[in-house]
Amino acid sequence: MTPADSMAQIAAEVSRCAACPLARSRTHPVPGEGAVPARLMVIGEGPGRQEDEAGRPFVGAAGQLLDRMLQAIHLDRSQVFIANVVKCRPPQNRTPTDEEIEACAPFLARQIALVDPDVILVLGATAAKALLGARTRITQVRGQWQAWGERAVMPTYHPAYLLRDPRQKVVVWEDLRQVADRLGIPL
Ligand code: SF4
C-alpha cells in the first residue's frame, strides 16, 4: 500500500485490470464496498451473476443471508467492508483457479491494509484457501481462529452453502458469536 492508496484507486485499477482471464467474462468488476476503516472485513469467493450485473458484492440470495448473519451480531453492511478474493465473475460461477486468485491477490491485500480490520470473516472453502493456504480445508478450520499476518481470521461456511444446507446455520451462529466476542459486541 502506498500512502496515497485508497479504495477508489483500487476500484479504478480493478475496472481496468486484465491480469487474468476473468477480465473477459465480467460484465462489471466487483471491487467490494463498505466502511473504511472497519473492525470487521468479510471476504467471499467471487461475484455471481447478480453481483456481476450490479457491480456490487453479495447482492443476491446469499448476500441477503449475509446481511442477516451480520444483523445477528448487531452489525449491518454499512459498518463492515465486504470483498471477494477475485473481483470478476468466473464463467458459470465456477470456482476461480489458483492463477486467477493469485493474480487478484494484490488488490485484496491492499484492501485489507486500508480497512485495517480487527477480524476477517472468511466465507467458504475458496476464500479460506486463498487466505490461509492451498491445503486449508474449510471443514477442518471452520470455527477456529486463524491468522493472516497479525490479523485474526475466523473461517466459516459461505452463505450460499447455508442456503443449500440450512442445518449448518447452527455452527455458523457459533462462529459469529466468537466474532462478536472478539469485537466486544454484547449479544
Ligand atoms: Fe484483474 Fe482480479 Fe479481475 Fe482477474 S479477477 S481481471 S486479476 S481484477
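A: One term before we start: contact means heavy atoms within 4.5 Å, and angles run from 0 to 180 degrees between N-to-C directions. Also, this is a predicted model.

Q: Fine. Which strands does helix α8 lie across?
A: Helix α8, residues 169-183, lies across β2, β4 (119-123) and β6 (151-156). Its direction is at about 165° to β6.

Q: And what order do the strands of the sheet take?
A: The order is β1-β3-β2-β4-β6-β5. These 6 strands make an open sheet with mixed pairing.

Q: Which are the edge strands?
A: β1 (33-34) and β5 (146-148). Each of them pairs on one side only.

Q: Back to β2. In which sense does it pair with β3, parallel or antiparallel?
A: Parallel, over 4 bridges. Strand β2 covers residues 40-44 and strand β3 covers residues 81-84.

Q: What stands opposite Val42 there?
A: Ile82, in β3.

Q: Changing topic. How many cavities of 30 Å³ or more are there?
A: A search of the whole structure turns up 1. The volume of the largest cavity is about 100 Å³.

Q: Which residues are closest to its centre?
A: Cys17, Cys20, Arg26, Cys88 and Cys104, out of 14 lining residues.

Q: Which element gives the largest share of the lining?
A: Helix α4, residues 98-115, with 4 residues.

Q: And what is the lining like by class?
A: It has 11 nonpolar and 3 charged residues, and no polar ones.

Definitions and conventions. Residues are numbered from 1 along each chain as its sequence is written. This is a predicted model: local features need pLDDT of at least 70, side-chain atom pairs count only at pLDDT 80 or more; totals for chains, interfaces and linings use all residues. Side-chain values use heavy atoms; hydrogens and water are left out. Two strands pair if DSSP finds at least two bridges between them. Helices (H or I, at least four residues) and strands (E, at least two) are DSSP runs, numbered from the N terminus. On a 1 Å grid over the protein atoms alone, a cavity is a set of points where a 1.4 Å probe fits but cannot get out, and a pocket is an open set with protein on both sides within 12 Å along at least five of seven lines; lining residues have an atom within 4 Å of a point. Grid points are joined across faces, edges and corners, and a volume is the space filled by probe spheres set on the points. Ala, Val, Leu, Ile, Met, Phe, Trp, Tyr, Cys and Pro count as nonpolar, Asp, Glu, Lys and Arg as charged, and the others, Gly among them, as polar.
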